[in-house]
Amino acid sequence: MSVSGTEGAKTTYREAMREALREALRSDDRVFLMGEDVGRYGGCFGVSLGLLEEFGPDRVRDTPLSESAFVGAGIGAALAGMRPVVEIMTVNFSLLALDQILNNAATLLHMPGGQLPVPLVIRTTTGAGRQLAAQHSHSLEGFYAHIPGIRVLAPATLEDARHVLAPALADPDPVVVFEHGSLYNASGELAPPTAPVDLDHAAIRRPGTDISLITYGGSLPKALAAADGLAAEGIDAEVIDLRTLRPLDGATIAASVARTHRAVIVDEAWRTGSPAAEVSARIAEESARIAEESFYDLDAPVERVCSAEVPIPYARQLEEAALPQTADIVAAAHRAVD
């Protein structure tokens, strides 16, 4: 049996997110949760289950099916001094609120010279692999990572799921948190925190010397599985979890590549204009800043493993073929190493 919120106990990604919300609601009366079905239904993915009964309808608010309206209401509440957490059911639906996020939330601190902070957190489910078809399955984090004025997070571990919300709520800028749907059932022991989650830096999830596997969110388990497979073949892969897509931690990426001299970027977004494309460019730019010659230390072209450039299919075998898989990562690593 899983126990929610107890460090060292068995828990799931979903329960870790719920405990983070519970802690935020308990510790600060300004915090409230709003979104479609977050109350009586407990959230489309069950993250907020039980919070309405615990905190009441003023703190856990079901909204009409209008993303633009309730994201706008969250922006207004943040401007008025509240700490709203807005849940958008899936990332595809967030596009209905893109005007509010881009033209209002991201700009209001900048335009009046820092006088109007917008401490808003937007949570949304992203990614494919669950046969939810093209309107519920895309990875659009790159759209938001393109926008100055917001922070973009992609927690991939139980610890990050549990602990990113508190620093996100403390940020004067809006924060968009992308929770990959395939991770909600991921389970394990939640390690006790040794320090606050560092939202400014990528995390080295597995050290290595032969190749860097760079990824985030729902692709992290696949990258770690690929690293295990490569290790069995004598290839020591380092796995970097980007964790934050804006601002992107180019220095950690470049330092890893400087150690391993090879890189594979794994990204469930479409290849064209993707976060993987930005990371590839940063490898060139940041490496040159670390040491004049380190870019030339690359012993192979940077490899990118991304989703096929099609709307995500419904049929299971087609969906699996469209997405980056562990075997694809291993094959890309072999192209770089062999």
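1. Histidine 261 is partly exposed, at 24% relative accessibility. This is a predicted model, and the position deserves a look for its backbone as well. Histidine 261 is not a glycine, yet its phi is positive, at about 70°. The residue belongs to the loop between H10 and strand S13 (263-270), and its place in the chain is just after H10.

2. Aspartate 37 is in the loop between S2 and H2. With a relative accessibility of 35%, aspartate 37 counts as partly exposed. As background, most residues other than glycine have a negative phi, and most peptide bonds are trans.

3. On the peptide bonds, the one from arginine 246 to proline 247 is cis, with omega near 0°. Proline 247 sits in the loop between strand S12 (244-246) and H10. Helix H10 itself covers residues 250-260, and its buried residues are Gly250, Thr252, Ile253, Ala254, Ser256, Val257 and Thr260.

4. Three aromatic pairs turn up in a search of the whole structure. One of them is edge-to-face and joins tyrosine 13 to tyrosine 184, with 5.9 Å between centres and 70° between the planes. This pair links distant parts of the chain, 171 residues apart: tyrosine 13 is in helix H1 (residues 13-27), while tyrosine 184 is in the loop between strand S7 (175-180) and strand S8 (187-189). Tyrosine 13 has a relative accessible area of 1% and is therefore buried; tyrosine 184, at 2% relative accessibility, also counts as buried.

5. Tyrosine 184 also pairs with phenylalanine 45, here in a stacked arrangement: 5.3 Å centre to centre and 25° between the planes. This pair too links distant parts of the chain, since phenylalanine 45 lies in the loop between strand S2 (31-35) and helix H2 (51-55), 139 residues from tyrosine 184. Phenylalanine 45 counts as buried at 17% relative accessibility, because the cut-off is under 20%. Tyr13, Phe45 and Tyr184 form one aromatic cluster.

6. Another ring, that of phenylalanine 32, has the charged end of arginine 61 over it, 5.8 Å from the ring centre.

7. Cysteine 44 is partly exposed, with a relative accessible area of 31%, whereas cysteine 306 is buried, at 15%.

8. For helix packing, the pair to check is helix H3 (residues 67-79) with helix H5 (residues 98-105): their axes are 8 Å apart and meet at an angle of about 25°. H3 is therefore roughly parallel to H5, as the angle is under 35 degrees. The contact involves Ser68, Val71, Gly72 and Ile75 on H3, and Gln100, Ile101, Asn104 and Ala105 on H5.

9. Alanine 226 lies in helix H9 (residues 220-232). Its relative accessibility is 0%, so alanine 226 counts as buried. Apart from neighbours within four places in sequence, alanine 226 is in contact with Leu213, Thr326, Ile329 and Val330. Alanine 331 is 105 residues away from alanine 226 in sequence, and the two are 9.4 Å apart in space, C-alpha to C-alpha.

Note on methods. Residues numbered from 1 in each chain as written. Predicted model: local features only at pLDDT ≥ 70, side-chain atom pairs only at ≥ 80, totals over all residues. Heavy atoms only, no water. Phe/Tyr/Trp six-rings, centres within 6.5 Å; stacked < 30°, edge-to-face > 60°. Helix = DSSP H or I, 4+ residues; strand = E, 2+ residues; numbered from the N terminus. Buried < 20%, exposed > 50% of the residue type's maximum accessible area, 1.4 Å probe, protein only. Lys NZ or Arg CZ within 6 Å of the ring centre and 35° of its normal. Axes fitted to C-alpha atoms, helices over the stretch in contact; angles between N-to-C directions. Parallel < 35°, antiparallel > 145°, perpendicular 65-115°, else oblique. Contact = heavy atoms within 4.5 Å.
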